[in-house]
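Here's a quick briefing to keep beside the viewer. Have a look at the model first, then work through the notes below.

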Amino acid sequence: MSFSVKTVASILAFAFLTLADDCSPIQIRIAYAGPGGMAVSWNTNDRMPEPTVFYGQSKNKLDRRASSRISTTYPTSSTYNNHVTIVGLEPATTYYYMPQCGTQTYSFVTAPDAGDKNAFQFAMVGDLGTMGPDGLSTTVGTGAANPLKPGELTTIDSLQAMKSSYKFVWHVGDIAYADYWLKEEQQGYVKPLNTTDHGKEYDKILNEFYNEIEEISQDTPYMVGVGNHEANCDNGANLTVCVPGQLNFTGYRHHWNMPSQPSNGLENFWFSWDFGIVHFVQFSTETDFPNAPDEPGGKGAEDAGPFAPPGTQLAWLKNDLASVDRNKTPWVIVGGHRPWYVSQSECTECQAAFEPLLLQYGVDLVLNGHKHFYERESAIAKGVAQELDNPTAPWYIVNGAAGHYDGLDVPPLPLVNTSRKIIIEYGWSLFTVHNCTHLTTEFIASGNGSVLDTATLYKDCTC
Ligand SMILES: [Fe+2]
């Protein structure tokens, strides 16, 4: 007698678990979780007493299981966020998995060991919102701009179409733009729900986003950083209605499971991970440093955080960068939401906090979003440009052009003197880590997949 994977998983589930009434997994998303680790997250309509993932190296034999007790929700959320971290996996290896109560088997590939010299690519996006009737589409509301042209792919479509070309997605903040529900209603773009419970309006758009990225995030690690729209309560409109779920990074804190535990960071705010010859670092430009814009009294007026005692984030960043073994991971690439080198208003508070450490520890590349265009800068040290031929300073790239309901920004002229290329189109970035001396960026137009910009950083390195 033989059993299907689904049947075996169901038998195991009933044998070991107490099931919730509605445990069907939705919005499945994975993320790297330290050496040999993979975080599997998904939502359910009911709380899971013991969220469990069945997994194995054969699609037809999910003979291992990992569980947790993490099934959380928050006011205004209609679902529960379940998080399980699988550990003890082999590097650069394909595994198959199924969250409990699932009906479909998915797969993922673990990260290679730190120091693995194989070339690889990764995707980077910033400021990516819901697509379709409640987000970016071919129509806009009164006062909004930059609708999609008929036939254009969205950034989510484009990322999906090219999924086989990159190992993971890195979304450096501003996720879903569900906080724009009120602006979209006020501009006559979406019809208000027939309810006085405005949390439902926020939650509807948020759920749409996680549904939309699932085709990518279910089998491709989706790494995120925090942006201001994870705590935004001006709705891009009037300060009239604010629902609890969109305050203080609440939805963001619940939805994701970034590798802060294995990197001694904090929640989904600051953390790091290795992939081959690169050490990746994500930090928060929103809270937890002097004059942080989203903290009480900050210029962002979000009244959010802080999340740790003063100095914690910067002390962590200093220690993390100081601990990198550059023989194993010669490249260090950092991401933070708000830029400080860009042809528009800039985050001088972020620069004061972070730039000295990035210079001191020889960071190679800084990725930012927040501005809704693409701008490739030179390498820069304290405002002074260096070109990409073995610079001593980090190279800066701003890409917040993934697209959301309210379109793209127009930077003021003249451009800053460190600007090398600016593009006002919806798109995402594809990075190629060739080896320890060459790293290439390409800006991909989401609409048709064309490459609108490319540049390569050279570092004099022996490997
Ligand atoms: Fe932003």
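Predicted model: local features only at pLDDT ≥ 70, side-chain atom pairs only at ≥ 80, totals over all residues.

Helices (H or I, at least four residues) and strands (E, at least two) are DSSP runs, numbered from the N terminus. Residues are numbered from 1 along each chain as its sequence is written, and side-chain values use heavy atoms, with hydrogens and water left out.

**Iron site**

- The iron ion is held by Asp174 (OD), Asn228 (OD1), His337 (NE2) and His370 (ND1), at 2.1 to 2.2 Å. Donors here are N, O and S atoms within 2.8 Å of the metal (3.2 Å for Na, K and Ca); water is not among the atoms, so sites may look incomplete.
- Angles among the 4 donor atoms run from 89 to 161°, and the site is classed as irregular.
- Along the sequence, the donor residues follow the spacing D-x53-N-x108-H-x32-H.
- Asp174 sits in the loop between strand 11 (169–171) and strand 12 (175–176), and Asn228 in the loop between strand 13 (222–224) and helix 5 (250–255), so the two tie together parts that are 54 residues apart in sequence.
- Asp174 is buried at 1% relative accessible area, and Asn228 is buried at 8%. Buried means under 20%, exposed over 50%, partly exposed in between (1.4 Å probe, protein chains only).

**Thr285**

- Thr285 is in the loop between strand 15 (278–282) and helix 6, and is buried with a relative accessible area of 0%.
- Leaving out residues up to four places away in sequence, Thr285 touches Pro293, Gly336, His337, Arg338, Cys350 and Phe354; contact means heavy atoms within 4.5 Å. One of these, His337, is also an iron ligand.

**Gly102**

- Gly102 counts as buried, at 10% relative accessibility.
- The C-alpha atoms of Gly102 and Leu388, 286 residues apart along the chain, are separated by 48 Å.

Key: Tetrahedral: all angles 85-135°; square planar, octahedral: opposite > 155°, others 65-115°.
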